[in-house]
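Let's take a walk through this fold, from its overall dimensions down to its strand pairing and its nonpolar core.

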Amino acid sequence: VQVVESGGGLVQPGGSLRLSCAVSGLTFSIYTVGWYRRAPGKQRELVADISRSRNTNYADSVKGRFTISRDNDQNTVHLQMNSLRPEDTAVYYCNTRPRGVSSDRGYWGQGTQVTVSS
């Protein structure tokens, strides 16, 4: 199984980025996919996830600014991030897991750095 993130970078406050997570080696359409982030000195936290039936869940801090979506034909999940803030700076990780399985037992990517700074 491979989980590969892309799309991170440096952006000014108020700007936008689109992260992508490409998954291979499993039946992607039946897996839940989530984006997590870890900021310096902080614990990893869930940003957003999307289930096999496209139900979505967002952290309160990103509601209204971030949108998660999935393309089962391309085995890809996207995270559109708008109105970025300096506190969104973190390494963003993609995780995929079967329904009912915790993220710790799922598959993780290597992460992509997002830096929001002027």
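The report below starts with the basis of the values and then moves to the structure itself.

## Basis of the values

This is a predicted model, in which local features need pLDDT of at least 70 and side-chain atom pairs count only at pLDDT 80 or more, while totals for chains, interfaces and linings use all residues. Residues are numbered from 1 along each chain as its sequence is written, and side-chain values use heavy atoms, with hydrogens and water left out.

## Overall build

The protein has 11 strands and zero helices; both kinds of element are DSSP runs numbered from the N terminus, with helices being H or I of at least four residues and strands E of at least two. The radius of gyration is 13 Å, close to the 13 Å that the globule rule gives for 118 residues, so the protein is as compact as a globular protein of that length. Here the radius is taken over C-alpha atoms, and the rule is 2.2 Å times the number of residues to the power 0.38. Along the principal axes, the C-alpha atoms fill a box of roughly 40 × 25 × 25 Å.

Of the contacts between residues at least 6 apart in sequence, 54% join residues at least 24 apart, where contact means heavy atoms within 4.5 Å.

## An open antiparallel sheet

Four strands make an open sheet in the order S1-S3-S8-S7, with antiparallel pairing; two strands pair if DSSP finds at least two bridges between them. Its edge strands, S1 (2–6) and S7 (66–71), each pair on one side only.

How many bridges join S1 to S3? There are five, and S3 covers residues 17–24. Within this pairing, Val3 has Val23 as its bridge partner, and Gln2 has Ser24. S3 is also joined to S8, by six antiparallel bridges; one of the residue pairs there is Leu17 with Met81.

## The nonpolar core

Buried residues make up 44% of the 118 residues, buried meaning under 20% relative accessible area with a 1.4 Å probe and protein chains only. The largest nonpolar core has 29 residues, and those with the most contacts inside it are Trp35, Leu79, Met81 and Tyr92. Such a core is a set of buried Ala, Val, Leu, Ile, Met, Phe, Trp, Tyr and Cys residues joined through side-chain atoms within 4.5 Å.

Elements giving two or more residues to this core include S3, S4 (31–38), S5 (45–50) and S9 (90–98). The largest share, four residues, comes from S3.

Methods. Buried means under 20% relative accessible area, exposed over 50%, partly exposed in between (1.4 Å probe, protein chains only).
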